[in-house]
Structures are given as C-alpha cells and as structure tokens.
Amino acid sequence: MFCHPNRLQRTKQSPFSPSLSLTSTRAKSSYALLHRQTKMLFFSYFKDLVGREVTVELKNDLAIRGTLHSVDQYLNIKLENTRVVDQEKYPHMLSVRNCFIRGSVVRYVQLPPDGVDIDLLHDATRREARGG
Amino acid sequence: MATEEESAVKEPLDLIRLSLDERIYVKLRSDRELRGKLHAYDQHLNMILGDVEEVVTTVEIDDETYEEIVRTTKRNVPFLFVRGDGVILVSPPLRTA
C-alpha cells in the first residue's frame, strides 16, 4: 500500500486519468468525458442510468424489472421496487422488492431507449477501444 | 501519415471497432443469436445494441417418433446491454435471405 503522504494525495483521484476526477461531472454525458478511462465504459454508463427503470435478464432466464439503484465496477446491480416479469413462472420472488444481483449472472439488461446519447456512447467506445 | 495509427487494425477488437454504428450479428451461448446495431463495446465484449432481434433455437425430440423438432423463438428489444461472458462471436450480418 502507499505510505508516502505525496502518494496518498494522488490516489484520491482516479488512477486512470490524473487530470480528470471521476465525480467531477454528474451530467448524463459524464461517461464520455472520461477521456483516458479504460476498463470503465459500462460502469460509467450504468452510473449515469441510476434511477431509470430497467429489466435485468439473468442467465437462468429469470427477468427482473426494477429501478436501477446502484452499480459497481464488476457491474453488480442493485435494483429497487422490483417485480419479476413472468410472475406465474417464477413465484419464488413474489415478495422481493429490492435485490442485489451479482454481475456475472446477468445475461442482458434491457435499457430505456431514451436513456442514452448514442453519439456519446460511440465516442467513448472509440476512445476506450484505443486505450485498451 | 501519423494520424492513421489511431485507426489501424492491429488486433481482433479493432475489427469490431470498424462495425460501430453498423448492424452486426452476435452468436451467444445457449443457442441464442442477436442481430442489432452496435453502439458500444469493451474488451470483455460487453456490448450495447440497438434495435435488437434475439433468436433462441431449441431442439425438441418427439418421444414417440424420435424426430428432432427445431424451434426458433424471436424477440425484439429496442435497447439492450449484453454481458460479454455470453458472447461467442461477432460478425457483420449474414446474408441468409
């Protein structure tokens, strides 16, 4: 771990882009402003999507609709106000209203079509692909 | 020219970059296929696709006749995030029509 006080100062900022702080912009376009970010594209994208309604489809075919509460670097997802999409087929989560979903069990996330600025996504992807 | 270095195709992921904003075909695990417009991807092959058609193929074996019945189920999703660990291959759309 870092023990020099100077080093400690630097680690408070994002290690990927020393000149840009991760939390500097909370606007919808923040994921495109992370110029030299690698490995964080979808994490940033999902952070911008917090508060929107999404449907997470798991690898075991269970589909859960809910409000995106939070996401982390592994793309683990926390949903609030959840409902199972096909309630008759999957009755074991009838009373669950909030859940944490491990990122590795997700197959798809159905996103709101108006939740994205497509051009920003394209730009961020081109930058990410080059940096990776 | 020095600036062409940026768009040079060096590794397989660069080939996918050429398909950004184009329609692509994605083969997934569990006999699933997607056709949609590629909007974003990363090195894990996590992707965001637009105007997606998902095709799920199932093979049922009749108990009596033992014949294989191949069924496909199609679904349309306007905007989809696909987790990369389920992706087998990415390609320009195949001309099957």
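Predicted model: local features only at pLDDT ≥ 70, side-chain atom pairs only at ≥ 80, totals over all residues.
A:T125 touches A:L41, B:L20, B:H39, B:A40 and B:Y41, when residues up to four places away in sequence are left out of account.

A polar atom of the side chain of A:T125 lies 2.7 Å from the backbone oxygen of A:L121.

**Aromatic rings**

Over all chains, the count comes to three aromatic pairs. In one of them, the ring centres of A:F46 and B:F81 are 4.9 Å apart and the ring planes stand at 80°, so the pair is edge-to-face. Because A:F46 lies in helix α3 of chain A (residues 41-48) and B:F81 in strand β4 of chain B (residues 68-82), this pair joins two chains. Both partners are buried: A:F46 has a relative accessible area of 1%, and B:F81 has one of 2%. The two rings also belong to one aromatic cluster, which is formed by A:F42, A:Y45, A:F46 and B:F81. As for charge and ring, A:K47 lies over the face of A:F43, at 4.3 Å from the ring centre.

The accessibility values given in this report can be set side by side, including that of A:D61, a residue that returns below.

| Residue | Relative accessible area | Class |
|---|---|---|
| A:F46 | 1% | buried |
| B:F81 | 2% | buried |
| A:D61 | 37% | partly exposed |

**The largest pocket**

Rolling a probe the size of a water molecule over the atoms shows where empty space is left. The largest pocket holds about 330 Å³ of space, and its lining consists of 17 residues, of which A:E57, A:D61, A:K89, B:R32 and B:R75 lie nearest the centre of the pocket.

**Two residues with positive phi**

A:D61, one of the residues nearest the centre of the largest pocket, has a phi near 75°, a positive value in a residue other than glycine. A:D61 is placed in the loop between β1 and β2 (63-71) of chain A, and at 37% relative accessibility this residue counts as partly exposed. A:N81, which is not a glycine either, has a positive phi of about 55°, but A:N81 lies in a strand, namely β3 of chain A (residues 77-84).

**Chain B as a whole**

The secondary structure of chain B comes to one helix and five strands, and from the N terminus on these elements run α-β-β-β-β-β. Of the 97 residues in chain B, 38% are buried. Among the contacts in chain B between residues at least 6 apart in sequence, 45% join residues that are at least 24 apart.

Terms used: Residues numbered from 1 in each chain as written. Chains lettered and ligands numbered in written order. Heavy atoms only, no water. Polar contact = N/O pair within 3.5 Å; in protein donor to acceptor, adjacent residues only side chain to side chain. Contact = heavy atoms within 4.5 Å. Phe/Tyr/Trp six-rings, centres within 6.5 Å; stacked < 30°, edge-to-face > 60°. Helix = DSSP H or I, 4+ residues; strand = E, 2+ residues; numbered from the N terminus. Buried < 20%, exposed > 50% of the residue type's maximum accessible area, 1.4 Å probe, protein only. Lys NZ or Arg CZ within 6 Å of the ring centre and 35° of its normal. 1 Å grid on protein atoms, 1.4 Å probe; cavity = no way out; pocket = protein on both sides within 12 Å on 5 of 7 lines; lining within 4 Å. Points joined across faces, edges and corners; volume = space filled by probe spheres on them.
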